[in-house]
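Please look over the structure below.

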Amino acid sequence: MLAVVNLQIHYGGISAVKGISFAVEQNEIVCLIGANGAGKTSTLKALARMIPSRGEIHYGGERIEALPSHELIGRGLALVPEGRGIFARLTVAENLAMGAYHRRDKAGIAGDLERIYGLLPRLRERAAQVAGTLSGGEQQMLAIGRALMGWPKLLLLDEPSMGLAPLMVEKVFEVIRAVAAEGMTILLVEQNARLALEVCSRGYVMESGLITLADSSAALLADPRVRSAYLGE
Ligand code: ATP
């Protein structure tokens, strides 16, 4: 579904991503782990065409480097950004409706809304609440719910655990598991390596703009380098 070849990202003279290659197959859930500043967020932003990059990005059998980001949303590539980016002054229901702004099929939208409320019952309870007053975890669920409107083919998730209390992190990851169980293809960026590897089938480790390890989650969880650098062992 996604193949990235020699991706490079520069901010002025700074090289943030230095030529990485990776792939995500349909129905896979794959993670990109690594320390602060490794280049994970930049990579996701480049995939969603929010920032320029060099190298090849193949999505659904097509090169997408030249496409604008709104075009990609229509083609089923959705990003849940770090910091969530929800509309604080709009209600939960209005935020979800914004996730379907590019669609015209009213019946399909209503069906997806029901599906999302089924996966995220908290959002149904809070449908009329102003999003800015939701708890951090609820806001994260709303950001995921909004990206799911339209049932994307590929969901890019940036640091869904960021800033959340452990119990809320567990709830957000339950949602990710549920979405994955419905067959969604997911690329997950996480600093919480243990959580990410527990939910993903494969992972890539990024360090200073490069992929330094690529393996199954089980192998990465057992790797002494991963254990000492990312699992605090
Ligand atoms: P974190 O887990 O802390 O979010 P990350 O792995 O997602 O880290 P990036 O946010 O992709 O890392 O940042 C990679 C590098 O690029 C960092 O050194 C960062 O300072 C730099 N960088 C990111 N955005 C910009 C920008 N807009 N201008 C200049 N440098 C940037």
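Thr41 is buried, with a relative accessible area of 19%. Buried means under 20% relative accessible area, exposed means over 50%, and partly exposed is in between, with a 1.4 Å probe and protein chains only. This is a predicted model, in which local features need pLDDT of at least 70 and side-chain atom pairs count only at pLDDT 80 or more, while totals for chains, interfaces and linings use all residues. Residues are numbered from 1 along each chain as its sequence is written, and side-chain values use heavy atoms, leaving out hydrogens and water.

Thr41 sits in helix H1. Helices (H or I, at least four residues) and strands (E, at least two) are DSSP runs, numbered from the N terminus. Leaving aside neighbours within four places in sequence, Thr41 is in contact with Glu82 and Asp158. Contact means heavy atoms within 4.5 Å. With Asp158, the side chain of Thr41 makes a side-chain polar contact of 3.0 Å. A polar contact is a pair of N or O atoms within 3.5 Å; within protein, one must be able to donate a hydrogen and the other to accept it, and residues adjacent in sequence count only if both atoms are side-chain atoms.

**The ligand**

Which residues come nearest to the ligand? Of the 13 residues around it, these are Asn36, Gly37, Gly39, Thr41 and Ser42. A residue is near a molecule if one of its heavy atoms lies within 4 Å of it. Helix H1 (residues 40-47) gives the most to this shell, with three residues.

| Residue | Polar atom in | Distance to a ligand oxygen atom |
|---|---|---|
| Ala38 | backbone | 3.0 Å |
| Glu159 | side chain | 3.1 Å |
| Gln191 | side chain | 3.1 Å |

Taken alone, the ligand exposes 630 Å², and the protein buries 62% of that. Such areas come from the Shrake-Rupley method with a 1.4 Å probe; for residues, only the protein chains shown count as cover.

**Strands**

An open sheet has four strands in the order S2-S1-S4-S5, with antiparallel pairing. Its edge strands are S2 (14-24) and S5 (62-63), and each pairs on one side only. Two strands pair if DSSP finds at least two bridges between them. Eight bridges join S1 (residues 2-11) to S2.

Ile9 lies in strand S1. Its bridge partner in S2 is Val17. Is Ile9 buried or exposed? Ile9 is buried, with a relative accessible area of 0%. Residues that Ile9 touches include Ser42, Thr43, Ala46 and Ile51.

Strands S9 (residues 202-207) and S10 (residues 210-216) run antiparallel, joined by six bridges. Glu207 has Leu210 in S10 as its bridge partner. Two residues lie between the strands of this hairpin, where Ser208 takes a positive phi near 45°.

**Nonpolar cores**

In soluble globular proteins, nonpolar side chains tend to be buried together. A nonpolar core is a set of buried Ala, Val, Leu, Ile, Met, Phe, Trp, Tyr and Cys residues joined through side-chain atoms within 4.5 Å. The largest one here has 52 residues, and those with the most contacts inside it are Leu148, Leu155, Ile176, Ile186 and Leu188. Helix H7 (residues 166-181) supplies the largest share of this core, eight residues. Apart from it lies another core of 29 residues, among them Ala38, Ala46, Leu67 and Met206.

Leu188 touches residues including Val30, Leu157, Phe173 and Ile176.
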